[in-house]
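Please look through the sequence and the structure shown here before reading on. The briefing is meant to be read with both in view.

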Amino acid sequence: QVQLVESGGGLVQAGGSLRLSCADSGRTFGVYAMGWFRQAPGNEREFVVGISWNGDRTYYADSVKGRFTISRDGGKNSVYLQMNSLKPEDTAVYYCAAGGAITTKPIYWGQGTQVTVSS
């Protein structure tokens with residue numbers, strides 16, 4: 001069963017950087033597409049970035065293009081999100097996701113990690 005564990009959230013000033021990590025700690029057979037969603041207070045959860053199972057395709061929301069970069073360990077269900085030039089509007093709980101249609105309807109979810117960007 002896939003068990004996603006996120007790390008790396010925190011508080012950062014606008015213009016700063018953070019790196020989020022997510023790893024599958026379960027006994028999983030197979031490699032999945034993975035990605036990140038986020039949810040700000042009062043908002044619905046939204047897609048941020050995604051990467052195919054073998055890393056050859058990446059997907060980005062328009063709001064983060066050029067600032068965020070997703071990568072993964074080859075052959076593993078581990079993914080990283082490098083976030084640069086952070087803005088206060090990036091403040092949200094970030095959720096790691098895996099499997100399914102990674103940009104719209106993932107199957108598996110992590111517990112989430114808080115990212116707060118101060119102005």
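The model is a predicted one. A search of the whole structure finds 1 disulfide, and the structure also holds 5 salt bridges. Its largest nonpolar core has 31 residues.

**The disulfide**

- The disulfide joins Cys22 to Cys96, with a distance of 2.0 Å from S to S, and the link between Cys22 and Cys96 is left-handed, with -85° about the S-S bond.
- Because Cys22 lies in strand β3 and Cys96 lies in strand β9, which covers residues 92-98, this pair ties together parts that are 74 residues apart in sequence.
- Are the two cysteines buried or exposed? Cys22 counts as buried because its relative accessibility is 2%, which is under the 20% that sets the limit for buried residues, and Cys96 counts as buried because its relative accessibility is 0%.

**The largest nonpolar core**

- Of the 31 residues in the largest nonpolar core, the ones that touch the most other members are Trp36, Phe68, Met83 and Tyr94.
- At least two residues of this core are supplied by each of the strands β3, β4 (34-39), β5 (46-51), β7, β8, β9 and β11 (113-118).
- Which strand gives the largest share of this core? The largest share comes from β9, which supplies 5 residues.

**Salt bridges**

- Asp90 forms a salt bridge with Arg67, and the closest N and O atoms of this pair are 2.7 Å apart.
- Because Asp90 lies in the loop between β8 and β9, while Arg67 lies in the loop between β6 (58-60) and β7, this pair ties together parts that are 23 residues apart in sequence.
- Asp90 counts as buried because its relative accessibility is 1%, and Arg67 counts as buried because its relative accessibility is 10%.
- Salt bridges that share partners bring Arg67 and Asp90 into one network with Arg38 and Glu46.
- Asp56 forms a salt bridge with Arg57, and here the closest N and O atoms are 3.5 Å apart.
- Asp56 counts as exposed because its relative accessibility is 54%, which is over the 50% that sets the limit for exposed residues, whereas Arg57, at 45% relative accessibility, counts as partly exposed.
- Lys65 forms a salt bridge with Asp62, the closest N and O atoms being 3.1 Å apart, and Asp62 is exposed, because its relative accessible area is 64%.

**Asn77, a buried loop residue**

- Asn77 lies in the loop between β7, which covers residues 68-72, and β8, and Asn77 counts as buried because its relative accessibility is 9%.
- What does the side chain of Asn77 reach? The side chain of Asn77 reaches the backbone oxygen of Gly30 at 3.1 Å, and the side chain of Asn77 also reaches the backbone nitrogen of Tyr32 at 2.9 Å.
- When neighbours within four places in sequence are left aside, the residues in contact with Asn77 include Gly30 and Tyr32, and among the others are Cys22, Ala23, Asp24, Thr28, Val31, Met34 and Arg72.

**Arg19, in a strand**

- Arg19 has its place in strand β3, which covers residues 18-24, and Arg19 is partly exposed because its relative accessible area is 42%.
- Residues up to four places away in sequence are not counted here, and on that basis Arg19 touches Ser7, Gly8, Tyr80, Leu81 and Gln82.
- How far apart in space are Arg19 and Asn84, which are 65 residues apart in sequence? From C-alpha to C-alpha, Arg19 and Asn84 are 8.6 Å apart.

**Ser85, with a positive phi**

- Ser85 has a positive phi of about 50°, although Ser85 is not a glycine.
- Ser85 lies in the loop between β8, which covers residues 78-83, and β9, and Ser85 counts as partly exposed because its relative accessibility is 42%.

Terms used
Residues numbered from 1 in each chain as written. Predicted model: local features only at pLDDT ≥ 70, side-chain atom pairs only at ≥ 80, totals over all residues. Heavy atoms only, no water. Helix = DSSP H or I, 4+ residues; strand = E, 2+ residues; numbered from the N terminus. Buried < 20%, exposed > 50% of the residue type's maximum accessible area, 1.4 Å probe, protein only. Contact = heavy atoms within 4.5 Å. Disulfide = S-S within 2.5 Å. Polar contact = N/O pair within 3.5 Å; in protein donor to acceptor, adjacent residues only side chain to side chain. Core = buried A, V, L, I, M, F, W, Y, C linked by side-chain atoms within 4.5 Å. Salt bridge = Lys/Arg side-chain N within 4 Å of Asp/Glu carboxyl O.
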